[in-house]
Amino acid sequence: MGVTTALEWLGSCSGCEIAILNIGEDLVSLITETLNIVHAPILMDHKYFGQCGEGVTLEIPEAVVGIVTGGVNNREHLEVLQEMRKKCKVLLALGTCATHGGIPALMNGQDQLESWEGIFSTVSTDPGAEIPNVEVPPPLDRVYACDEKVKIDMQLPGCPPNPELIGEVIVALAEGRVPVLPGKSVCDTCPTKREGKGMVDKVKRFINNVEFKPGTPIDEMRCLLEQGYMCMGPVTVAGCAKRGGPSCISARVPCRGCFGPVRRDGNQLLDMMNGLVSNGLDFKSVVDRRSVLRFSGAHGRLRPVKKRVARGKVK
Amino acid sequence: MTLSEITTIDGLAGNFTVTVEEAPRYVDQEKCIACGDCTEKCPKEVVNEFDAETGKRKAVYVKYPQAVPLKYQIDADTCIRLQKTGACGACEEVCDAGAINFDDVGRIHEVNVGAVVMAPGFEVFDPADSGVWGYGTFPNVITSLQLERYLSASGPTEGQLVRPSDGKVVNKVAFLQCIGSRDENLCGNGYCSSVCCMYAIKEAVTAKVNSPGLQTSIFYMDMRTHGKEFDQYMERARETSSVRFVRCRVNGVETDGTSDDLRLSYVNEEGRQVEELFDMVVLSVGLQTPKHALELAHNAGIKLTGDNFAATTDFAPVQTSREGIFTCGSFSGPKNIPQSVTGGSAAAAAVSDLLSPSRFEFSTDVSFPDEKDVSVDQPRVGVFVCRCGSNIAGVVDVEALAEYSTLLPEVVYVEKNLFSCSQDSQDMIEERIREQNLNRIVIAACSPRTHEPLFRKTLKAAGLNEYLVEMANIRNQNSWVHIAEPEAATSKAKDLVRMAVARVICSDSLKPISVPVMQKGLVIGGGIAGMTAALNMAEQGFEVHLVERTDILGGNALNLKHTWSGQHVPTEVGKLVDKVVWNEKIVIHKEFEVTAAEGFVGNFRSTITGKDGSQKTIEHGAGIVATGAEQYIPQEYNYESITRVVTSVQFDKLYELNEVHVRKAKNFVFIQCVGSREENNMYCSKVCCTHSVQSAIALKKENPNRNVYILYRDIRTYGQREALYKQARKLGVIFINYELHGKPNVAENGQVINVEIWDHVLHRLLRLEADMVILAIAVRPNGDASTLSKLYKLPVDGDGFFQEAHSKIRPVDFSVDGMFVAGLAHYPKPIEESVAQALAASSRAVTILSKTKVSLDGVKAIVDEEYCDGCALCVDVCPYDAITLVDRVADDPDGGKLIRVNQAQCKGCGICQGSCPKRGVNIAGFTMKQISAQISAALAV
Amino acid sequence: MSFEPKIIAFCCNWCSYAAADLAGIHRMQYPHNVRIIRLMCSGMVHPEFVMDALSQGADGVMVLGCHLGECHYRDGNYRAMDRSDMVAELLEDFGYEQERFSLTWVSSQEPDKFVKAVTEMTASIKELGPVNGEQAEVV
Amino acid sequence: MKKVLNIAPVSRIEGHAKIAIHLDDDGNVENTFLHIQSLRGFEKFIEGRPAEEVPRIVNRICGICPWMHHLASNKAVDGAFGVTPTPTGHKLREMCQVMAHINDKILHFFFLAAPDFVLGPDADYSVRNIMGMVKAAPELAKQVVKMRQLGQMMLDKFAGKAIHPVAGVVGGFAKPMAEEERKELLQGTQTLLDFGCYALDFAINNVFAKYMDIIGDLGAIKTGFLGMVDREDGSLRLYDGKLRLMKSDGSFVDFEGNEYIDYIGEHVEPWAYSKMVYAKSWNEGFDMALTEPKGIYRVNTLARINVCDKISTPKAQAALETFRNSFGRPAQQTLLYHYARLIELIYSCERTIELLEWEGITGQNVRAKVEPKAGRGVGVVEAPRGTLIHDYTTDENGCISGANLIVGTTHNIAPMNMSVKQAASTFIKDGVYSEGVLNQVEMAVRAYDP
């Protein structure tokens with residue numbers, strides 16, 4: 001009998017779940033032998049309030065391993081996460097939403113109420129609509145990463161995470177060892193030609209394709225940052241690489257940092273901008289620099305822009 | 001050898017036999033552990049010479065806490081036991097070490113040496129001899145040296161300025177200048193001691209800091225602040241420390257009879273006779289050669305000047321009249337610290353020139369115990385809190401600080417010292433490291449910039465890596481700047497110690513890196529300084545490249561006729577040029593300039609470009625900048641429009657050619673400080689006073705009927721030059737003082753030139769009819785100094801002269817290792833000082849060239865292969881191109897990449913570290929971990 | 001009691017740190033709120049240090065480097081300047097007032113400038129209030 | 001006495017939903033609600049972003065159909081910037097989208113829906129799932145996993161990322177297709193096509209045949225349909241075409257995506273974060289009454305199969321004819337979504353092959369020249385879950401100044417609520433209900449694959 005495991009998704013898009021399925025051939029043995037899944041909304045019908053929905057308190061069965069995906073956006077997420085923490089020995093935060101807030105944490109850069117009102121008054125929405133509030137979980141003040149709310153034992157970022165690494169973590173957990181996960185940046189896995197960033201003075205928007213010879217491997221392509229594109233490889237933790245190169249770079253597209261900061265508490269915006277200015281690049285050439293935090297906006301990194309009251313400079 | 005004196009020097013240069021007489025110490029140096037018990041027990045109190053009679057000491061004593069060797073001694077003249085056998089002997093009883101030896105006897109040593117350097121220094125003039133200043137009679141008349149002790153934290157009053165007579169806090173103090181200087185009637189010392197003006201200002205400023213509200217007045221004849229940045233200091237004293245300067249000679253000091261206050265009567269600026277009362281009068285006593293030094297000179301058979309200083313020449317300022325015997329410091333004339341330090345190096349250069357054939361024959365390397373590997377050990381931090389006399393303890397609650405330190409993580413030992421830097425503390429720390437098995441040290445004291453090297457040595461001596469020490473700067477950046485806020489200062493001190501501890505815990509042992517040395521020298525500038533330096537290096541056996549911009553060697557000296565002592569400059573320069581030209585170790589590059597430079601100490605590569613555009617590359621281990629200076633072209637005094645208004649340099653030429661105007665002229669007016677000592681050029685050109693006085697003397701000697709006027713602000717014929725000033729006055733040269741706000745007015749009026757000036761003595765406007773006006777023009781820094789400074793990263797000061805590493809203790813070094821400065825490039829100075837500085841620079845350069853490799857500081861960028869992933873963000877930010885991107889696994893492109901740092905090129909600036917998003921590169925000694933730890937510690941609590 | 005800010009000052013070993021030492025030698029008095037961290041160059045200051053300091057409760061952060069053109073390492077202070085412009089702007093992204101950060105050039109011979117800088121910074125931070133206090137700039 | 005049954009979470013679907021069944025005192029269904037639990041605010045937080053970045057952000061709306069959002073977004077940005085993708089760029093995008101459909105169908109039918117049929121609606125929950133299926137039908141399971149993996153990896157290898165793709169770019173595609181890649185993809189798709197045909201046979205013989213009765217009435221309701229068809233011949237289209245809005249009587253109107261506002265509106269209920277899209281153009285308002293629904297239409301597979309006149313590829317066309325012969329047009333039975341899904345699976349495979357065989361597919365000119373500017377663009381594609389509409393407005397910097405998104409599932413929210421009500425009230429009588437019964441209620445929802 002495998003290790004009892006509970007899966008839950010919070011503010012997620014189910015991309016992480018799909019990534020699990022993408023483990024491939026080994027999936028079958030993994031979900032039937034290595035693991036003994038006792039709760040997983042996407043795959044099985046275990047219910048929170050009893051199978052007939054008569055219960056009143058949310059319950060998840062005990063499990064050795066707990067895997068949560070998604071960030072914590074609303075009360076239900078919080079309740080579920082806390083229940084997971086209660087019932088699982090080892091809690092794994094899977095995917096960048098769970099580890100650093102992910103895309104939904106872009107909301108942290110907005111005024112929530114204003115935004116929601118906007119959403120329920122679009123051109124196509126019936127006039128006079130109110131923000132729903134019956135039997136739907138109320139939102140939290142902002143989007144949180146899981147470790148902001150409960151103790152997390154292990155983190156595996158990625159949007160989505162790399163199936164290989166998911167496999168490694170699950171097997172490691174089952175075998176009770178520490179999984180081998182990348183600690184360096186995307187560049188470490190990137191074979192593109194690099195010389196130095198000094199010659200670039202501005203970053204270009206990605207409105208033209210990068211320079212490369214079609215059909216040639218990416219190790220014959222010049223580093224995209226050195227081509228003048230904003231590539232976040234240097235400030236993003238590795239893990240996306242498959243088939244000898246980072247995913248986006250293999251698609252000849254600059255990295256946008258979907259695995260989160262290279263150092264767990266690193267600050268992608270600060271580190272990226274610092275990397276640029278230290279090399280004499282004009283950081284103002286970055287259109288909408290706040291979206292550099294599009295994957296790691298939790299942990300209070302991304303905040304609504306504050307309008308400042310003019311204050312007499314203290315002299 | 002301490003307590004020792006030289007009695008005879010026999011033999012010749014290269015092989016002297018020196019007889020040294022060592023006096024008995026009565027304390028066995030081997031046994032004495034300097035515990036101080038003997039002093040405590042000693043019943044005999046006598047006045048303390050070191051405190052200049054302001055305090056007391058015992059008959060068994062150490063001269064001062066920092067004395068080296070720190071061994072006690074017995075003063076035979078006052079020791080009860082040594083005076084009367086059988087009496088006392090208390091010290092012997094208490095000395096557990098059994099170091100006391102009343103039967104100690106003097107010894108005679110004979111040493112065989114190749115050369116001798118005489119640096120017996122000076123003594124201060126004793127004003128007691130002449131009663132006029134009431135010194136010795138009025139307790140509140142003290143000497144500047146005594147004041148120095150009163151102001152010192154380790155002095156009798158721990159820095160509090162109180163009256164000797166009644167302990168009353170001093171509110172009003174007067175400094176009387178030229179006591180025992182420039183005065184033949186009272187003391188026979190006609191010369192100027194040249195340091196007193198500056199030290200008086202310094203004491204006035206410090207005194208004011210110690211007791212705010214203090215009124216300070218300096219009574220002087222001429223303020224002789226001719227040193228580098230001295231005039232700026234004086235202006236600051238005047239403005240910010242409100243020191244009052246009164247130009248007049250005070251002829252006597254009296255009491256008001258009733259109290260201990262002192263009355264001075266003098267003629268004030270308005271020419272009125274006034275009387276003023278002071279709490280204290282400080283006599284700025286001059287320097288003179290001590291008796292024993294005169295005997296020494298006599299024994300050594302070297303000539304002295306009329307002023308009793310060792311006779312030297314301007315082109316060989318450290319060479320005495322006897323070959324093989326050299327001198328430095330005030331023995332060859334009054335000098336300040338930088339000059340003395342320079343002189344020391346210069347003497348060393350002269351000696352090594354003489355002895356270079358036998359270099360390294362007797363030398364042995366200092367060896368330190370093997371370094372203990374502490375990398376895996378749990379940190380054991382020892383904290384040593386320095387009181388620095390009362391400098392720290394006077395403000396910071398050292399007890400509380402020490403107490404607090406014991407609570408800090410990993411701290412296993414805490415101790416307080418009176419002076420952590422004293423030799424005994426060093427030994428003690430070394431001791432503690434061993435016995436307490438400490439592997440990290442925090443010194444809570446002064447600034448690492450001045451003292452870190454000292455403590456690093458101590459760690460080495462204790463077998464610890466020298467980088468495992470961290471200093472908490474609780475003096476310069478705490479107790480001294482929060483004097484009025486002891487609580488705040490104490491809690492800040494705690495923070496600083498906490499930060500230091502946090503940092504040192506993260507410190508690792510670093511290995512200094514050593515790089516091979518290209519044993520060749522480069523000298524930039526072919527003037528006297530440049531040639532002298534080049535020649536000395538060459539004669540010490542090193543190949544030298546001498547780069548001169550023009551087509552002729554000699555530089556500014558080519559404009560000069562005589563040195564102040566009367567040596568004929570053209571002749572001497574000629575000799576020097578010949579020696580340089582004929583020395584086959586010197587490669588001369590005329591009409592060349594340095595256009596590019598790279599490298600580092602021991603391995604410079606300089607590119608020089610000729611007028612013809614040709615280029616050469618010179619590899620050298622050290623470089624000396626002797627690019628000289630320029631003349632100021634006056635904008636003032638109608639120099640442009642009036643033909644007979646000329647510069648001093650022009651005048652010399654005209655005079656030499658016996659040009660008609662000069663021949664015919666009856667009235668000559670010299671105007672001093674043209675372009676010097678004013679707003680944007682607040683520095684003294686140092687040579688002009690002497691120069692004008694010399695010209696005036698020549699004119700007068702030639703024809704006594706000529707009227708020669710010198711309009712000056714302060715006549716700065718410092719040192720033994722004073723004799724010239726005296727002679728000029730004797731010859732009837734008229735000196736008229738003017739102030740900056742009342743500059744002379746020069747206008748052409750037909751055949752004559754009208755010079756108007758306010759006379760401060762007669763207190764009326766004076767109109768002089770001059771046939772010729774000579775402007776004593778300033779020395780200006782070289783225009784291209786900035787270019788050179790960029791090439792080699794050499795700092796220049798606010799006036800545009802090159803900035804030495806430390807104005808007092810490193811006067812010829814640059815902050816850039818392996819580069820040195822000499823001559824006018826550094827600051828205006830007369831020939832003998834240029835020569836001395838050139839020799840000094842040479843000797844400093846040779847300390848590098850004489851080695852086959854130099855070791856560099858361990859503060860370098862270190863790649864952390866665990867984190868560096870070769871993103872190449874740092875490659876282009878390195879100012880020294882020290883970073884390259886390589887395959888992690890040699891020639892395996894798929895193995896990933898990382899950066900390599902060229903240790904020799906890396907200067908440890910940390911720009912790479914500041915750019916790295918993943919802590920992949922760290923500056924050893926300043927790692928992200930260390931700095932983060934410091935930040936967190938600073939903000940903890 | 002009155003608000004006594006804690007200010008972290010990163011000082012370059014070759015200029016501002018020396019100036020601070022000199023200020024001591026001249027016994028110039030200044031507020032006790034500054035904690036100096038000695039670095040070899042202002043170009044060594046990682047922006048992360050600034051943010052870390054503020055997030056750990058520093059009320060202000062100063063970087064003091066050599067005058068432009070006087071860097072001991074060619075152009076470290078230019079890097080510091082470029083970074084500072086960036087940091088100053090990003091401070092607001094992360095919810096701090098720009099006034100909490102300052103960059104000043106002080107040569108080793110300008111203790112007075114050093115004193116002026118820390119005195120003014122302390123004053124301006126006192127006016128601003130504690131770093132975690134009411135975010136004054138919210139409309 | 002009154003009580004509420006909370007079926008939470010609704011499982012084996014991709015979203016966060018809860019079914020609340022309110023029973024009256026006699027234990028009969030008083031009312032039911034399908035609560036859509038979460039709202040993330042994409043429309044708002046893409047504001048201010050450079051438009052060309054948005055396709056890389058909105059794909060996170062759904063991890064199962066990221067390609068749909070990615071490409072709808074790209075189409076919208078094309079419109080806003082006024083660019084027409086190069087032919088090759090256009091076809092590469094479509095190929096990726098259609099391939100994504102393949103994987104999605106396999107996933108949904110076999111991993112999520114099939115357990116209900118293979119193991120039975122009232123099998124124990126612990127076995128009524130893919131793990132159970134693996135034990136029950138190991139060979140089939142392995143085959144299924146393999147096929148899905150094949151499809152995913154083909155896409156992943158060619159486009160860098162299968163989940164949350166990045167290869168689609170404003171103006172076209174980020175990289176051209178190499179000949180080797182083409183060959184490999186072609187081969188893989190052939191295999192998938194074979195599996196698709198096998199899957200349909202398997203379903204017809206082992207599932208639908210067995211459950212005809214249930215199919216007949218489980219969650220059955222009567223509504224209109226919306227889907228995309230070819231502009232010329234009205235055949236089934238997934239990536240590009242015109243929209244067709246059909247009434248339950250089979251009459252329909254066609255319109256272009258950017259006219260959507262004139263035809264559909266969004267109704268908001270206080271008990272669901274998701275809006276409920278309805279046919280505004282019918283001018284009958286919005287009502288979910290089972291008997292006389294107003295403005296209600298459905299999307300997704302069944303809808304597309306209903307609205308299209310034919311399917312342009314042979315095997316799928318044949319399957320369509322069989323389907324229509326037995327169920328007519330439009331077919332209303334909710335569980336037929338599964339049937340329609342498998343027909344689309346075959347179409348997707350065939351269409352992919354068609355595209356791979358187009359000679360221009362390996363062309364080098366994959367991206368048109370792009371200038372960021374102010375404008376508006378509407379991007380519409382057929383997502384597995386229904387018609388997906390991205391509507392952007394950009395400012396002069398080419399940054400998003402306004403966005404309106406209508407995602408596939410929202411069209412089906414109202415119908416799903418109706419199906420749930422229908423199912424619940426048919427199965428729950430006088431307080432009698434069981435886990436199996438409640439699961440059948442869920443099956444009604446599952447059919448829509450929300």
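Chain C and chain D do not touch, and their nearest C-alpha atoms are 15 Å apart; here two residues are in contact if their C-beta atoms, placed from the backbone, lie within 7 Å. This is a predicted model, in which local features need pLDDT of at least 70, side-chain atom pairs count only at pLDDT 80 or more, and totals for chains, interfaces and linings use all residues. Residues are numbered from 1 along each chain as its sequence is written, while chains are lettered from A and ligands numbered from 1 in the order in which they are written.

Chain B and chain D are likewise joined by no contact, their closest C-alpha atoms lying 19 Å apart.

The interior may be considered next. A nonpolar core is a set of buried Ala, Val, Leu, Ile, Met, Phe, Trp, Tyr and Cys residues joined through C-beta atoms within 7 Å, and a residue is buried if 20 or more other C-beta atoms lie within 10 Å of its own. The largest nonpolar core has 383 residues, of which Val442(B), Ala444(B), Phe10(C) and Ile343(D) touch the most other members. Helix 4 (residues 87-118) of chain D supplies the largest share of this core, 16 residues. Apart from this core lies another, of 129 residues, including Met518(B) and Phe820(B).

Methods: Buried ≥ 20, exposed ≤ 12 C-beta atoms within 10 Å, placed from the backbone. Helix = DSSP H or I, 4+ residues; strand = E, 2+ residues; numbered from the N terminus.
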